[in-house]
Every structure is written in C-alpha cells, then in structure tokens.
Amino acid sequence: MATPNFDCTITTPMALNETNTAKSTMRWFVHKTEYDPRWCEFRYLVNGQRAFGSLYQDMLGAKHSIDIICWGFQPSMYFVRDGSKSMRIGELLAHKGEKDNVKVRLLCWHDPLYIAEAGENNMPGFDGKVTTTKRMLPDVVYEKISMMSPDYQTDEETLFDLKWYWRANLNNVTNTVHQNAGDQALDEISISRFMPTTLLGDASNYLMNAAVGFKNLELATRTFDVSERTEIVERIRAHGEAAGWSSKLINGMCQGMGGIPTHHQKMVLIDYEHPELAVGYVMGHNMLDQYWDTDEHKAAPATPKTGRSGPSPWQDISSRVTGPVLQDLNSNFCQAWDEATGQKLGETRKKLGVAGKHELCLGGSSNARGMMAQVLRTQSQHGKTDIGKAYLQALNNATQYVFVQNQYFRWEDFADTIKAAAAKQQQAGRDPGKHGPIYLFVITNSSDVAVGSGTLTTYQMLESLGYGDRMPGVKRAETVDQLAERKASLQAALAKEQQVEQRMRTQGVDPASAIGVMNYLQDSEIRQRQMWAEIGEIQDLQQKRVQQGSDAELAAPEPLPNLKVIICTLVAPDSAPEAWVPIYVHAKVMIIDDAFTTLGSANINFRSMNVDSEINIALENGLVATGLRQDLWGLHTRGGGEPRSNLGGLEGTYSLWTDIVNENQKRKNKNMAPKASLVGFFRASNDRSYKD
C-alpha cells in the first residue's frame with residue numbers, strides 16, 4: 001500500500017441523523033520531513049532475552065545480507081543463554097558469511113581519542129592496548145575516578161574478542177581519506193592498534209587460526225571529524241547563550257559533546273534485497289553482555305552462557321519491524337555505511353528496484369500488527385532533529401497521561417512543553433477537579449553511574465517539575481551559588497546608589513531642582529534600606545546550616561497546575577533486605593494516552609535530541625501503546641498498575657505508584673525486601689557535573 005500523502009484533501013461522508021461521537025487530535029507524526037509514515041508490522045521486545053533471542057533467530061535464518069549499525073559490539077556475547085548450545089554473535093556472523101554466503105556489514109561507533117573507552121568499552125577487544133590496560137589497572141583506580149569503569153568480560157571472552165577483532169580488522173573498510181590535518185591526526189591515533197601475544201597463547205596457533213579475514217564480513221567504524229566537532233561546539237554555545245545557561249554549563253556541554261560526540265544508533269536490517277524475507281530492528285539494546293537480562297531482573301548475576309552476567313540488572317526495549325518502513329531503515333543504513341566507507345551501497349540497492357515491494361510478514365504474532373509508523377532521526381551532520389520534534393509535538397497532544405522510561409531525564413524542552421500544554425488546557429477551561437489532571441509517570445536512573453556527567457541538567461529538570469528536593473545536595477549547592485550571586489548583585493547596586501547619593505549631597509543643589517533632588521534622595525534611602533534588608537536576609541541564610549536531607553522520608557513533590565508528576569527508579573525485586581540492587585534503566589520509550597509510542601536509541605537529553613546520531617520509530621496505534629504500557633507497568637509493580645483508559649483509572653495508578661514508593665521506603669529503612677521494583681527518585685550527593 002502506498003504511503004499516504006498528508007497534503008491531500010480527504011472527504012468523509014457523515015450521516016447527520018447518527019449520534020456517534022469521535023475524538024480528534026493534532027498530528028502525532030512529524031510532517032514534511034525526510035521519512036514519511038509508512039505501513040509496517042511491529043513487535044516490541046522488552047528486555048534482552050526477547051530482543052536478542054528474536055534477533056539471533058532472524059540472523060540465523062538470513063539468506064542474503066545482514067546490516068548492523070551499533071554503538072557497541074562484543075563478539076563473544078551469547079544472544080541466547082542456553083549453556084553455550086547456541087553460537088556467540090561473532091561466531092554466528094562468521095558462520096553466515098563463511099558457510100551460508102551471507103554478506104555481513106558491521107558499522108560501529110569508535111572514539112579515536114579513547115575517552116569513551118575509559119568508561120564503558122563499547123568495542124571490547126577492538127584495540128588490544130585499551131583492553132589489556134583496563135584489565136591491568138587496580139580496582140582503586142576505578143573507585144577514585146568516577147568516569148572510569150572496568151571491563152566486565154571474563155578472560156575467555158576477552159581472548160575471543162581480541163582474536164575476533166584481529167580477523168575482522170583485516171576486512172576493515174573504513175574510509176581513511178582525510179579532509180584535513182586534524183582528521184589525519186585523529187585517525188592516526190585510532191589505527192595504532194596491536195595484539196599482545198601474552199593474551200593469545202602460542203603465536204603459531206594464533207597465526208594458523210586467525211591469519212585471514214572473515215569471508216563476506218566487512219567491518220567499518222565511524223566518528224565525527226574536526227569540522228563536525230567544531231560546528232557542534234559553536235551550535236551548543238549559541239544555544240546556551242540564547243537559553244541563559246551559565247558559563248559553567250555552556251563550557252561543560254561544549255567540552256562533553258564536542259569532545260565525545262557519538263554515533264548512538266542501533267539498528268539491524270536483514271535480507272533487504274529480498275522483500276519477501278526482509279526484516280529490521282530498531283533497538284535500544286547495545287550488543288554487549290551487560291545489556292542482556294530477563295524480566296525477572298535478578299539481583300545476583302549468572303554466567304555469560306546462562307543468564308544475566310553484567311554488573312547490574314538491565315531494563316531495556318527494542319523492536320522488530322517488517323514491511324514498507326524497511327525502506328527508511330535501509331536509507332539510514334546506506335547513508336551511514338557509504339559515508340564511513342566511501343562505498344556506494346545506496347546506489348547499488350536503488351538499482352535493484354525493490355523499494356516499495358516489502359511485505360507485511362509478521363502475521364500471527366500476538367503483538368505484531370499492521371500499522372503506520374515513522375522512522376525518526378537525530379543526524380546533526382545533515383541537520384535532522386526529528387526525534388526531538390516528535391517528542392515535543394506528542395507532548396503538546398497529551399490529554400491524559402505521558403509515560404516515560406529513559407536512561408536520562410534531563411532535557412529542559414521536555415519539561416517546559418508538558419507544563420505549557422497542561423497550563424493551556426487549564427486556561428481553556430479544563431478543571432483538574434472535574435476533568436482530572438494530566439499525569440506524568442517517569443522511570444529513570446538516580447545512581448552516580450547513570451546521572452554521571454549530567455548532574456546539573458538532571459537537577460534542573462526535576463526542579464522544574466517540582467522534584468528538586470529529591471537531589472538535596474545539588475539543590476543546596478545551587479541555592480548557595482544563587483544566594484552569593486544575588487548578594488553580589490545587591491552589593492553592587494547598593495554601592496552605585498550610595499555613590500549617586502554622595503555626589504548629590506556634596507555638589508550642592510540648584511534651588512530650581514531642590515524638590516526633585518529631595519524626592520530622589522528620599523526614594524534612594526528607601527531603596528537602600530530594602531537592599532540592606534535583603535542582604536541581611538541572605539547573610540542569615542548563608543550562615544544557617546542547610547540540612548543535606550535523606551531518603552528516609554521522601555517529601556511530596558511540589559504541586560503543578562493541572563499536572564501530576566511521579567518520578568521513580570527501579571530495584572531488583574529479589575534484592576536482599578540489607579542490600580537493594582538498582583536496576584539500570586537503559587530503555588528509551590515514551591507512550592502517550594494509549595495512542596502514541598516512540599522508542600529507539602534516543603535519550604531524553606540535549607545530546608540525543610541535537611548532537612549524537614540517533615534512530616527512533618514512532619507509532620500511532622492504540623493496541624501497541626496500551627499493550628506496552630500494561631506490560632511495563634505490570635512488570636514494575638508486580639502485576640499492578642494496569643488501569644482502564646480513563647482518568648479514574650489513572651488516578652488509581654498514580655495512587656498505587658505512590659503507595660509502592662512509600663511502602664518501599666519504609667521497608668528499606670527497616671532492612672526488609674522490596675515490595676516491587678518501583679522506588680522514589682533520590683540522589684543525596686552534592687556533586688555537580690555540567691556535560692549532559
């Protein structure tokens with residue numbers, strides 16, 4: 001079926017004697033952009049067991065091609081945890097190329113400055129020096145430097161990864177044509193790789209097994225060149241100055257995103273050249289061990305062959321699609337691949353003439369249904385910020401609830417938009433007591449590892465939504481700074497006022513203007529008394545000891561007009577009474593009014609909406625929105641929180657979430673096990689970071 005033209009006029013006959021009612025809303029999809037909405041069949045995949053299991057089976061069945069874009073790739077990872085009966089992903093891709101003659105293309109983001117690898121090593125084994133150095137560092141290094149984290153792979157996995165990447169790099173097709181000296185310097189840093197024989201055992205055995213590249217498998221990496229980084233810094237600085245950011249925040253954002261801009265997309269396209277077989281994935285998951293988990297989110301880890309083996313339980317979401325929407329996934333892949341390699345895959349596939357022939361081929365799956373969907377991107381090199389546009393447009397349409405589950409929650413435009421939408425509805429006659437408020441349900445992270453480099457922007461987001469007290473350390477530090485700034489401003493104004501007064505009193509007064517001067521001096525005296533009084537109040541506040549606060553009793557959030565907000569994090573439901581284990585929320589999903597859903601790779605922060613390359617899919621389908629919401633709410637409340645699609649049900653869910661959060665806080669204080677996964681957002685640290 002052809003993609004509908006939204007510019008056309010649609011006439012619908014109406015029987016005036018009928019009394020049926022209908023509800024109309026603004027558009028959910030982004031209008032007049034690079035990818036129009038298209039038909040697809042869609043299946044959401046909650047958590048790694050489902051997502052990686054589905055992807056493994058589709059890759060295993062591939063007949064012609066496997067195209068992968070990822071932020072992170074670990075060759076030794078088991079997608080299916082069945083005690084090593086299934087192949088590692090590196091083995092599977094090598095097998096498909098060697099035995100089944102399937103063309104495999106793997107495109108990964110790589111930081112040539114190696115700053116990112118000091119944190120999460122997104123390509124373990126790709127660079128032998130990075131891998132071995134991180135494994136040799138003592139634990140105290142990682143304890144003292146918060147932005148560094150150790151690699152978690154076993155020795156067996158590390159050895160496999162080093163060998164696999166050695167062979168894959170023999171087929172590395174990354175374009176090394178440099179635009180300028182700066183780009184050449186970046187590339188020279190990134191290609192200084194070597195393979196330490198201490199980890200490889202007998203050299204002759206290694207050469208026999210890994211002296212040739214993988215058949216039909218091509219590897220490429222991509223980064224941002226010097227001109228792109230410069231443009232990002234200039235754009236962030238201009239935006240920050242216009243938005244009134246502090247100089248610390250502007251400099252921190254420029255440093256963070258100009259220094260480490262990332263290609264953060266995660267997508268897979270299988271057998272695109274054959275429409276009757278083609279399938280695609282839009283993912284939140286990275287292809288790394290720690291992203292694999294089950295719905296149980298057990299506190300204790302298992303082994304890489306049998307279960308969740310990462311440092312913490314992991315909440316994430318991906319999706320599987322078929323049908324015409326694959327054309328846009330192909331367009332995204334070909335553009336990225338050709339820019340990274342200098343090849344012309346896009347032109348080659350155009351000549352095949354398969355566009356428009358992809359079939360809806362997931363019939364029979366319980367949550368795979370034909371529907372309209374739109375592929376959305378953030379692609380700063382090409383001026384695309386459609387994911388952010390979709391978020392803000394959808395928030396403006398919200399009339400009942402917004403549900404967000406996201407790794408980060410620190411994009412000021414989000415808070416401003418939902419508050420403005422709620423306020424406009426109230427101004428237009430919506431009575432919260434009669435019609436109910438809009439509900440905002442948020443699940444994110446509060447740990448130091450997660451909040452990391454974006455402490456200040458997270459606080460600003462929470463403060464804007466009435467939750468600033470949940471970061472008391474940052475709130476105190478910000479208040480101290482604001483008081484000092486206000487005091488300095490008052491002191492400067494007072495000094496200026498006193499100078500003017502002194503000049504008038506000493507220079508004499510013309511009799512003709514004496515009354516005006518006297519009136520000015522009287523007003524000046526009043527102004528000075530007011531400034532002295534405010535300075536005194538500030539000094540009293542500065543001298544008072546401000547309590548840090550604790551999560552022993554979480555204060556109720558400050559109420560907002562026509563908007564009820566609850567912000568939570570997650571813990572493993574089987575956590576030991578004395579040691580609750582946080583679940584790392586990596587999902588990137590938003591659902592609105594049981595009507596609209598978007599998910600993919602984009603976080604709710606400035607970086608994902610404006611700088612990094614990201615890919616999301618958006619759907620206007622009530623069955624998907626309702627089903628996914630119920631699955632997630634039931635998972636985190638142990639079966640509760642699945643209301644009817646009406647305001648009464650939402651108030652019940654809001655109360656249920658609040659009760660679970662409060663009950664869990666009581667249980668934690670008494671060293672008891674959690675009732676369910678939901679806990680209230682709280683971060684006591686006063687550390688402030690400014691890099692988003």
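**Reading rings, charges and contacts**

Biologist: Is Trp657 buried or exposed?

Modeller: Trp657 is buried, with a relative accessible area of 0%. Buried means under 20% relative accessible area, exposed means over 50%, and partly exposed lies in between (1.4 Å probe, protein chains only). This is a predicted model: local features need pLDDT of at least 70, side-chain atom pairs count only at pLDDT 80 or more, and totals for chains, interfaces and linings use all residues. Residues are numbered from 1 along each chain as its sequence is written, and side-chain values use heavy atoms, leaving out hydrogens and water.

Biologist: How many aromatic pairs does a search of the whole structure find?

Modeller: Rings of Phe, Tyr and Trp (its six-membered ring) pair if their centres lie within 6.5 Å; planes under 30 degrees apart are stacked, over 60 edge-to-face, the rest tilted. The search of the whole structure finds 21 such pairs. One of them joins Phe52 and Phe79. Their centres are 4.7 Å apart, and 50° between the planes makes the pair tilted.

Biologist: Which parts does the pair of Phe52 and Phe79 tie together?

Modeller: Helices (H or I, at least four residues) and strands (E, at least two) are DSSP runs, numbered from the N terminus. Phe52 lies in helix α1 (residues 48–60), and Phe79 in the loop between β2 (65–70) and α2 (89–98), so the pair links parts 27 residues apart in sequence. Phe52 is buried at 0% relative accessibility. Phe79 is buried at 1%.

Biologist: How do Phe441 and Trp657 pair?

Modeller: They are edge-to-face, 5.0 Å centre to centre with 65° between the planes. Phe441 sits in strand β13 (residues 438–443) and Trp657 in helix α21 (residues 647–669), so this pair ties together parts 216 residues apart in sequence. Phe441 is buried too, at 0%. Ring pairs also join Tyr401, Phe403, Tyr439, Phe441, Trp633, Tyr654 and Trp657 into a cluster.

Biologist: Which ring does Arg88 lie over?

Modeller: A charge sits over a ring if NZ of Lys or CZ of Arg is within 6 Å of the ring centre and within 35 degrees of the ring normal. Arg88 lies over the face of Phe160, 5.1 Å from the ring centre. Arg410 lies over Tyr408, at 4.0 Å.

Biologist: What does the side chain of Ser689 make a polar contact with?

Modeller: A polar contact is a pair of N or O atoms within 3.5 Å; within protein, one must be able to donate a hydrogen and the other to accept it, and residues adjacent in sequence count only if both atoms are side-chain atoms. Ser689 reaches the side chain of Thr455 (2.8 Å). Ser689 is in the segment after β20 (678–680), and is buried at 15%.
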